[in-house]
Amino acid sequence: MATTTAAPAPKVTATPGEEAVLGKAYDLELLRKLWPFVRPHRKLLVVWAMVMPITIGLELALPLLFAYALKHHILTGELDKLPLDALAYVGIIAAQGLSGLTETWFLQLAGQRTMHALRIAIFDHVLAQRAAFFDRIPVGRLMTRMTNDIESLNEMFAQGAITLLSDVVKMIAIVGVMLWMDAKLTLLVLLTMPLLAVLVEYARRLMRASFRQIRVRLAAMNAFAQEHLSGIKVVQLLGRASTAQREYDEINAGHRDAYLGQIRADAWMYALVEAIGTLAIAVVIWYAAGYRGASEAALIPTLWAFIEYINKFFVPVRDLSQKYAVMQGAMAACERIFQLLDTHEFDGGGPEAEAAGKRPARPEPRTGPGDPAIALEGVHFSYGAEPVLRGVDLKVTRGATVAIVGATGSGKSTLIKLLTRLYERDTGSIQLDGVDIRDLPMGELRRRITVVSQDVLLFAGTLGENIALGQPFERSQLDQAIRRVGLDRALTRRGADIDAKVTERGSNFSAGERQLVAFARALVRDPEILILDEATAHVDPEAEQLIERGVAELMRGRTTLVIAHRLSTIRNSDLIVVMDRGLVVEQGTHEELVARGGYYATLERTFRRADAHEA
Ligand SMILES: Nc1ncnc2c1ncn2[C@@H]1O[C@H](COP(=O)(O)OP(=O)(O)O)[C@@H](O)[C@H]1O
Ligand SMILES: [Mg+2]
């Protein structure tokens, strides 16, 4: 996993990861898993399988027709019959073209439709995973699944497995026709086969090795580029560009060399197969030289047809290793894709959620005057080995504003992630109105709680779309939200409105403006519980004044948890909860805590200094 440290650039090498795995070229288990995606298009494949032998038959008929014309019309001097032969020849070629076209069309149609379905399946699957999944699997790798790996599978349809099948059919057919024409000559030609087999096997091994290298290095290259492009500002501002260039060059050179290895193997293979093909033709001519006498002329048509067939026979052999590599790549890609599809860490899909669907009755919510809106008891949690929350207890009264303060890394944001079930607590209980959040449908939980955090992600589109985010809000509702949080003033300044264009990641909006968009998102949703996680951290004091109205508007009459770093916000809350290293160490009102002279009193002095500094 990538680390972002200030230390010297981490050495990036092509570490063989999942990409290094090379399976069999034909893995029935994998093909079986792929089948559900191919199945809806099986009729297309049936058409292909029916047309394919026709194309081959027509192609193989041409030398036969020519040999026939040679034998019966040219050598006998019946030249007036030749135009008819020519016409038949043209007819066969036209028919072959047509059937080839049909064949390719149906095969590719099946392939493209399968890829389409598979891509959707992967995307949907990934979107449904919970946050911990994305901590483990880098985005670059997921992207590779959806692009490169799908493309590898696509190649299988275009030029791999499936055409390999028609190649084999064609080669068998060629040998069949040759045997029928002249068995002895055919057997002589087949003497070159062992040589060919040795060669193909050798080339296959070479290919396999270089193929693995190419995969590994390509993956490294993608991951490296992805990481640096998404962090382009850091790369440029902190002068990482030249080191990055050097490292990229290194990985890139490795990729090039691996490719050259494959090209070398391929070129050798091509040349040697050509040589063996020529050898086979030489055998045919040598055989013909052995004939003396009357049958000599009769041999010419056969010779000619044989030379044609031998040439046709060696074309697929030449492509064989290439196709083998494609197949191997496709199977490896297929394996990685299904590995991903078999990973089930569904967001809210745990066994308890499934059981919840079958549960007879949902526990009655307790909403009496004395019951807390949110209650945490003995909550423990860790992302990995290190405990992050070590037994947190917390009660939030309905309608109250509770401030959570504490040093960076004390677990404040983690608490919020557990409350919204982005992550699952390890032990302890978390309840909303006395109902365990695990007993609430995920959709309901997230409708009732809205989090506004310091990182506001906008999507490419319009401002309105970014506030609604796919929910069916009226335009007037969106407009109202914009006005109530004070975003309209910022918009007017730049002469924009609700239809303002938002570029990718909202880069044409300032941090303060993005923050207001987040407030508008929350406001229009009108959640029961509002959580602000350092929501104004990125905003300068001037802009914060602008936002203040938006925040106040948002908090009015709502149960609010606010992770704050400004004394003014903290001071005015009904309850202040102080966290330290995963524990709640103090709670009370501002006055109580200051009077107590504990952790908060120290913290408060720091806050005051910081505020005075900014003012
Ligand atoms: N996704 C994550 N994976 C692993 N560790 C994490 C992750 N998110 C946060 N942490 C760790 O958990 C601890 C608490 O983080 P957090 O709750 O974000 O603190 P804060 O109080 O600053 O909001 C930190 O030590 C942090 O490094
Ligand atoms: Mg935080």
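Two residues are taken to be in contact if their C-beta atoms, placed from the backbone, lie within 7 Å. The structure is a predicted model, in which local features need pLDDT of at least 70 and side-chain atom pairs count only at pLDDT 80 or more, while totals for chains, interfaces and linings use all residues. Residues are numbered from 1 along each chain as its sequence is written, and chains are lettered from A and ligands numbered from 1 in the order in which they are written.

By this contact criterion, Ala-403 touches Val-562, Ala-564, Thr-569, Ile-570, Ser-573, Ile-576 and Val-577, residues up to four places away in sequence not being counted. Ala-403 is among the residues with the most contacts inside the largest nonpolar core, which has 67 residues. Such a core is a set of buried Ala, Val, Leu, Ile, Met, Phe, Trp, Tyr and Cys residues joined through C-beta atoms within 7 Å; buried denotes 20 or more other C-beta atoms within 10 Å, exposed 12 or fewer, and partly exposed a value in between.

An open sheet is formed by 4 strands in the order E2-E1-E4-E5, with antiparallel pairing. Strands (E, at least two residues) and helices (H or I, at least four) are DSSP runs numbered from the N terminus, and two strands pair if DSSP finds at least two bridges between them. E4 (residues 427–432) and E5 are joined by 2 bridges, and Leu-432 has Val-435 of E5 as its bridge partner.

In the loop between E4 and E5 lies Asp-433, a non-glycine residue with a positive phi near 50°. Asp-433 is partly exposed because 19 other C-beta atoms lie within 10 Å.
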